[in-house]
Amino acid sequence: MPSIDQTPAWQALKQKAQEVGKRHLCDMFREDAGRFATFSHEAAGLKLDLSKQRWDQQTLEDLLALADEAGVPDAIRRLLAGERVNVSEDRPALHTALRLPQDASLVVEGEDLVPAVHATLDKMATMVERFHSGQWRGATGKPIRDVVNLGVGGSDLGPLMVTHALADYRPADTHPVEVHFASTMDGSQLVDYLMRFDPETTLFVLSSKSFTTIDTLSNANTARDWLLSRLVEARQEGVDRELVLRQHFIGVSASPDKMAEWGIACDHQLEFWEWVGGRYSLWGGIGLPIALVIGMDGFRDFLAGAHAMDVHFQKAPLEDNLPVLLALAGIWNNNFLDIRAHSILPYDGRLEYFAAYLEQLEMESNGKSVTNDGDIVDYSTCPVLWGQLGPNAQHAFYQLLHQGTQAVECDFIAPLARYDDVEDPATREHLMGQHRLTLANCFAQSRVLMLGDDAIADDGPRPEHKRYRGNQPSTTLLLERLTPQTLGALIALYEHKVFVQATIWGINPFDQWGVELGKKIANETRDIIEGRQGLEAMDDSTRGLIEATWQAARD
């Protein structure tokens with residue numbers, strides 16, 4: 001099969017870019033008053049506006065032809081059917097199975113996956129009920145009040161993002177349980193909790209697919225020592241080591257043997273499977289912190305929203321398929337308009353961690369330079385992705401967006417409705433006014449990025465330093481409101497977008513060998529620092545840095 005950049009569709013798009021790339025978005029809107037209707041689509045509670053992309057209908061048709069040439073329809077089928085799309089590790093990528101309804105069936109290599117998935121969800125539900133009823137008690141008999149999730153990467157970013165986004169959906173009249181997150185291997189986050197929390201009412205969730213992640217296990221060992229020193233060595237009556245480990249730790253991993261070896265009771269383990277990548281894992285046991293915050297009913301609503309997007313992704317034609325269209329906009333910008341930066345800009349404080357979550361999802365998935373056939377790519381793959389809350393970013397890096405020398409693609413994300421359920425009329429109107437102001441800023445910023453000076457009323461000549469070139473492409477994603485269902489759909493939208501782009505680029509979005517190499521070399525370097533042997537094998541810079549570490553220890 002020829003490289004994708006040698007196909008007729010790719011070549012047609014290169015030619016198209018020579019023409020369309022020279023045009024300004026303000027001219028496109030002048031020539032087509034119906035662009036919004038043409039380039040906006042809806043599904044699963046989301047509205048996707050692609051009218052501010054620098055393309056026309058023919059460009060989109062050429063991009064759809066590229067998707068066909070790359071085999072996107074069949075790739076979607078293979079992903080959702082459980083075929084081995086993770087080619088380098090020779091296994092399926094079945095995060096979508098984690099959100100299948102209980103009455104569904106998905107037989108993969110002779111096994112129906114749905115019963116095991118829902119058995120884990122039922123076990124989660126039992127755990128959550130014990131916490132919310134005040135019946136999960138620590139070793140001294142007091143109800144657990146603080147739960148600290150120890151994880152890193154996908155075991156941290158996803159649950160952290162969702163629990164923050166959906167904090168409004170805490171179930172009423174339940175025993176108060178606060179969820180916290182510690183991921184840094186230097187212990188700085190964890191030590192803050194250990195200084196403030198009561199060991200009698202604190203529980204730790206160890207989240208690690210392999211249960212070998214050094215960041216997580218370092219924090220877990222520190223937490224274990226802290227609990228044992230305060231509850232066992234303090235000679236609490238009737239409290240022993242085994243009871244502390246049983247009542248104060250839950251494990252979530254694909255390695256039950258390693259969890260048991262560490263000391264986690266079998267009935268306090270949640271399993272996930274090798275066919276779920278870490279950054280795609282929040283839909284199962286890794287989502288326990290989410291369920292603790294929003295309740296199990298809320299968590300199931302979250303899964304249902306993602307499943308609704310899965311169904312849309314599977315059934316909608318490419319020309320009306322939200323993940324496909326969002327992916328094609330990125331392909332057009334990245335590969336044909338040479339826009340290699342992408343900013344995620346939510347206009348809702350609850351989505352504070354969404355950009356950080358997408359940074360991992362996209363760059364760890366598609367930050368690849370070798371195709372599935374083992375060839376080095378000679379075209380751009382994943383752009384550099386970053387972002388921040390839009391209202392804050394306006395006072396930080398929007399200057400670069402509006403007048404800098406870098407072209408940047410932007411995704412603006414906002415809920416249409418907020419605060420309309422606040423009971424007090426005066427407070428409700430004030431807060432809804434703030435939300436209208438937020439939406440006004442969201443829409444205005446994308447408009448100025450698009451139109452530049454044309455967005456400003458004619459007030460006479462302006463010096464160059466006050467001019468705006470515009471023509472920056474952007475996408476706007478509107479949620480009916482931010483709920484467990486719509487957030488689930490939003491996350492699934494980006495997951496599938498990543499998969500479509502990987503399919504077109506011919507790369508594997510489900511491995512992360514660069515990350516694994518970094519872990520391996522870090523462990524070797526730690527052994528040299530601690531064992532003080534093997535320095536001669538290091539390069540001159542690393543030798544100097546390690547020697548500085550030894551010198552600091554002597555001083």
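Leaving aside neighbours within four places in sequence, which residues is leucine 490 in contact with? Keep that in mind for a moment. What you see is a predicted model.

On to the answer. Leucine 490 is in contact with Leu46, Phe354, Ile413 and Leu477, once neighbours within four places in sequence are set aside. Leucine 490 itself is found in helix 18. Is leucine 490 buried or exposed? Its relative accessible area is 0%, and the cut-off for buried is under 20%, so leucine 490 counts as buried. For a distance across the model, take glycine 277: from leucine 490 to glycine 277 is 213 residues in sequence, and the C-alpha atoms are 18 Å apart.

How many cavities of 30 Å³ or more does the structure hold? The count is one. The largest cavity contains about 70 Å³ of space. Helix 18, residues 484-505, supplies at least two residues of its lining, as do helix 13, residues 322-336, and strand 10, residues 341-346. Among the lining residues are Gly330, Ile331 and Asn334, and the list also includes Ala341, His342, Lys497, Gln501 and Trp505. By residue class, the lining of the largest cavity has five nonpolar, four polar and three charged residues.

In what order do its five strands come? The order is 6-5-7-8-9, in an open sheet with parallel pairing. Strand 6, at 178-182, and strand 9, at 269-271, are the edge strands, each pairing on one side only. From one strand to the next, the twist averages 20°.

Inside that sheet, look at strand 7, residues 202-207, and strand 8, residues 249-253. These two run parallel and are joined by four bridges. To pick out one partner pair, serine 207 has valine 252 in strand 8 as its bridge partner.

Finally, the helices on the sheet. Helix 12, residues 288-315, packs on the sheet and touches strands 5, 6, 7, 8 and 9. The direction of helix 12 makes about 155° with that of strand 6. Helix 6, residues 114-132, lies across strand 5 at 146-150, and also across strands 7, 8 and 9. Relative to strand 9, helix 6 runs at about 150°.

That is the end of my slides.

Methods: Residues are numbered from 1 along each chain as its sequence is written. This is a predicted model: local features need pLDDT of at least 70, side-chain atom pairs count only at pLDDT 80 or more; totals for chains, interfaces and linings use all residues. Side-chain values use heavy atoms; hydrogens and water are left out. Two strands pair if DSSP finds at least two bridges between them. Axes are lines fitted to C-alpha atoms, for helices over the stretch in contact, and angles run from 0 to 180 degrees between N-to-C directions. Contact means heavy atoms within 4.5 Å. On a 1 Å grid over the protein atoms alone, a cavity is a set of points where a 1.4 Å probe fits but cannot get out, and a pocket is an open set with protein on both sides within 12 Å along at least five of seven lines; lining residues have an atom within 4 Å of a point. Grid points are joined across faces, edges and corners, and a volume is the space filled by probe spheres set on the points. Ala, Val, Leu, Ile, Met, Phe, Trp, Tyr, Cys and Pro count as nonpolar, Asp, Glu, Lys and Arg as charged, and the others, Gly among them, as polar. Buried means under 20% relative accessible area, exposed over 50%, partly exposed in between (1.4 Å probe, protein chains only).
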